[in-house]
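Take a look at the sequence and the model below.

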Amino acid sequence: MTESKPRPLISVQERLRDQVAHALRAALISGELRPGVVYSAPALAADFGVSATPVREAMLDLAREGLVEAVRNKGFRVTEMTERDLDEFTEIRALIEVPTVGRVTRTATSEQLEALRPVAEEIVAAARKHDLIGYLEADRQFHLTLLGLAGNGHLVQVVGDLRKRSRLYGLTRLDERGQLVSSAEEHLELLDLMLTGDADAAEACMARHLGHIRSLWAKGQEESEEEKPSPSLRLGSR
């Protein structure tokens, strides 16, 4: 009988890096970190009250996701997203997700679809609680799990990457006006249509939902340009 190998312990440094990465994502979503601006790891570390190492490691994680890019001897630049980029990402997502929703509507069981209801409800709850991170994480889980019912892992991976690259900036003001709630409720509408077996109606709802997301993104960008907030970064619990 061979001895089992001890599990590697998660180091404090790794946990700190994850906390920093989570805080940086929140800052990207809220608009505290602005597109096109270069941020140095030491400066961000001073804001967070930590050493530069976990900040640099967290930024490298975000760079692999396409959210920032390294600038030699300076730091990291938040990736800029043009209107054309957004239109192209939305077009690709529509080409993939709309027909996939129709396909899943025809093939998935009611049990598989109903299993998504708690996640859809979580999206709505997060929007109503003004929890932007919770909103986006639940939204990601809902869409990728739904697409996963088609049985194509590569398709899910592609859409997941597109979602990362077309993340939302400046949602704070939209959230304060309650405009995210209607987008959140579309997930429940989509789910109900799929449960009826109406593939055409489900596809139309999905296409409308993606168009709504694109519209919200554009408004968020417009407002964040009108009044850019100064970074005020803090580490918080997940």
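**A walk through the model**

Asp198 sits in the loop between H10 and H11. Helices (H or I, at least four residues) and strands (E, at least two) are DSSP runs, numbered from the N terminus. The model is predicted: local features need pLDDT of at least 70, side-chain atom pairs count only at pLDDT 80 or more, and totals for chains, interfaces and linings use all residues. Residues are numbered from 1 along each chain as its sequence is written, and side-chain values use heavy atoms, with hydrogens and water left out.

Buried means under 20% relative accessible area, exposed over 50%, and partly exposed in between (1.4 Å probe, protein chains only). Which residues does Asp198 touch, not counting those up to four places away in sequence? They are Thr105 and Leu193. Contact here means heavy atoms within 4.5 Å. Arg106 is 92 residues from Asp198 along the chain, yet their C-alpha atoms are separated by 8.1 Å.

Now step back to the whole protein chain. It has eleven helices and three strands. From the N terminus on, the order is α-β-α-α-β-β-α-α-α-α-α-α-α-α. Of its 238 residues, 46% are buried. Take the contacts between residues at least 6 apart in sequence: 76% of them join residues at least 24 apart.

Next, look inside. A nonpolar core is a set of buried Ala, Val, Leu, Ile, Met, Phe, Trp, Tyr and Cys residues joined through side-chain atoms within 4.5 Å. The largest such core has 32 residues. Those with the most contacts inside it are Tyr135, Phe142, Leu146, Leu190 and Met194. At least two residues each come from helix H4 (83-107), helix H6 (117-128), helix H7 (132-148), helix H10 (179-196) and helix H11 (199-226). H7 gives the largest share, seven residues. Beyond its neighbours within four places in sequence, Leu146 is in contact with Val101, Val104, Leu113, Leu116, Leu190 and Met194. A second, separate core has 22 residues, including Ala21, Leu24, Val55 and Leu62.

Stay with helix H7 for His143, which lies in it. His143 counts as buried because its relative accessible area is 1%. Its side chain makes a polar contact with the side chain of His209, at 3.3 Å. A polar contact is a pair of N or O atoms within 3.5 Å; within protein, one must be able to donate a hydrogen and the other to accept it, and residues adjacent in sequence count only if both atoms are side-chain atoms. Leaving out residues up to four places away in sequence, His143 touches Arg93, Glu97, Arg163, His187, Met206 and His209.

Among the buried residues of H3 are Val55, Ala58, Met59 and Leu62. An α-helix has 3.6 residues a turn, so residues three or four places apart point the same way. After H3 comes Gly66, with a positive phi near 85°.

Last, the sheet. Three strands form an open sheet in the order E1-E3-E2, with antiparallel pairing. Strand E1 (38-39) and strand E2 (68-71) stand at the edges, each with a single partner strand, so one side of each has no neighbour in the sheet. Two strands pair if DSSP finds at least two bridges between them. E2 and strand E3 (residues 75-78) pair over four bridges.
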